[in-house]
Amino acid sequence: MFFKIIYKSLLLILTTLLASVSDVVSFGDIIYAINAGGEAHTDIFGIRYERDPLFGKIGTPSDYGKQLLIGRVPANDQILYQTERYHHSTFGYDIPINQDGDYILVLKFCEVYFNAPNMKVFDIVLNGDHTIVADLDIFDRVGRGVAHDEYISFNINNGRLYFNEEESDIRGGKIRVEFIKGYRDNPKVNAIYVMKGRIEDVPKLPPLSDTEEWKGEESEEKQSGSKSRRPSGPKTPDPYSVDDSSLMLPVFIAIGAFLPLLFCLCKL
């Protein structure tokens with residue numbers, strides 16, 4: 001009986017491990033993955049993120065996010081959202097792609113500094129021609145300290161990149177993803193990977209929890225409330241702003257009427 005229980009337990013563990021391996025294998029081929037601003041890391045899905053290749057080259061690496069517990073991700077993978085790279089101007093990463101096919105670009109973000117929307121907003125451009133994300137405001141999407149991923153589908157065929165109904169040339173066997181400097185703070189990214197496959201094959205973040213949704217609704221309510229505060233009706237005139245000359249007019253008229261009378265009295 002004892003050995004039977006041990007056997008069943010081992011069988012269950014083996015089945016779970018095989019299921020996990022099959023899940024990883026069922027993903028498309030990972031052709032590029034980096035942990036922006038951080039060291040190499042392997043996530044729970046078996047995706048190996050290399051050390052940021054821009055160390056010492058461009059931008060600023062930061063681990064400021066290590067002060068926070070990041071929502072929507074397990075403890076083991078929080079490092080992917082706690083480290084980041086930002087720059088005071090536009091910057092980007094070159095991604096080698098040598099085969100035709102369907103690809104998914106996954107961009108990972110987390111707002112770890114600002115506590116309000118409209119503080120950090122930027123665009124993301126692929127291959128120099130395609131705006132794949134416009135006006136990204138991470139806090140507005142999910143709040144502070146919460147993971148957010150962007151999933152971008154594109155196709156490579158005969159040396160050309162196709163995104164939606166747009167296309168562009170691939171030069172030197174590489175495509176480039178750029179984070180565009182705008183008017184609201186600096187562009188940033190926490191992690192990147194490119195997978196050959198379909199969007200259905202990509203592991204997704206879990207839905208926002210009630211607490212995280214509440215944070216987003218609260219920030220949206222504050223923002224809409226501040227925008228809706230407008231004066232009701234026309235502006236009331238300032239009674240002290242009336243022209244002084246209009247107040248003196250009756251005095252001038254009285255003096256003008258009194259002077260002829262005074263002149264006549266003096267002649268008598």
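One cut-off before the clicking starts: a residue is called buried when its relative accessible area is under 20%. Keep in mind that this is a predicted model.

**Stop 1: a pair of phenylalanines.** Select Phe109 and Phe122. Both are buried. Their rings make a tilted aromatic pair, with 6.1 Å from centre to centre and 55° between the planes. Phe109 belongs to strand S7 (residues 101-110) and Phe122 to strand S8 (residues 121-126), so this pair ties together parts that are 13 residues apart in sequence.

Stop 2: Keep Phe109 on screen and bring in Phe179. How far apart are the ring centres of Phe109 and Phe179? They are 6.4 Å apart, and the planes stand at 75°, so the pair is edge-to-face. Phe179 sits in strand S13 (residues 174-184), so here the link to S7 spans 70 residues in sequence. Phe109 has a relative accessibility of 0%, and Phe179 also comes out at 0%.

Stop 3: Across the whole structure, the search turns up 8 aromatic pairs.

Stop 4: Select Asp52, in the loop between strand S3 (48-51) and strand S4 (60-62). Is Asp52 buried or exposed? Its relative accessibility is 2%, so Asp52 counts as buried. The Asp52 side chain has a polar contact with the side chain of Tyr93 at 3.2 Å, and it also reaches the backbone nitrogen of Leu54 at 2.9 Å. Leaving out residues up to four places away in sequence, Asp52 touches several others, including Asn35, Gly38 and Arg85.

**Stop 5: charges over rings.** Follow Arg85 next: its charged end sits over the ring of Phe55, 5.3 Å from the centre. Then jump to Lys204, which lies over the face of Tyr151 at 5.7 Å from the ring centre.

**Stop 6: out to the sheet.** Switch to cartoon view. You are looking for an open sheet of 8 strands with mixed pairing, ordered S2-S3-S1-S15-S7-S10-S11-S12. Strand S2 (41-42) and strand S12 (166-169) are at the edges with a single partner strand each, so one side of each has no neighbour in the sheet. Finish on S7, which pairs with strand S10 (residues 147-157) in the antiparallel sense over 10 bridges.

Definitions and conventions: Residues numbered from 1 in each chain as written. Predicted model: local features only at pLDDT ≥ 70, side-chain atom pairs only at ≥ 80, totals over all residues. Heavy atoms only, no water. Phe/Tyr/Trp six-rings, centres within 6.5 Å; stacked < 30°, edge-to-face > 60°. Helix = DSSP H or I, 4+ residues; strand = E, 2+ residues; numbered from the N terminus. Buried < 20%, exposed > 50% of the residue type's maximum accessible area, 1.4 Å probe, protein only. Lys NZ or Arg CZ within 6 Å of the ring centre and 35° of its normal. Pairing = 2+ DSSP bridges. Polar contact = N/O pair within 3.5 Å; in protein donor to acceptor, adjacent residues only side chain to side chain. Contact = heavy atoms within 4.5 Å.
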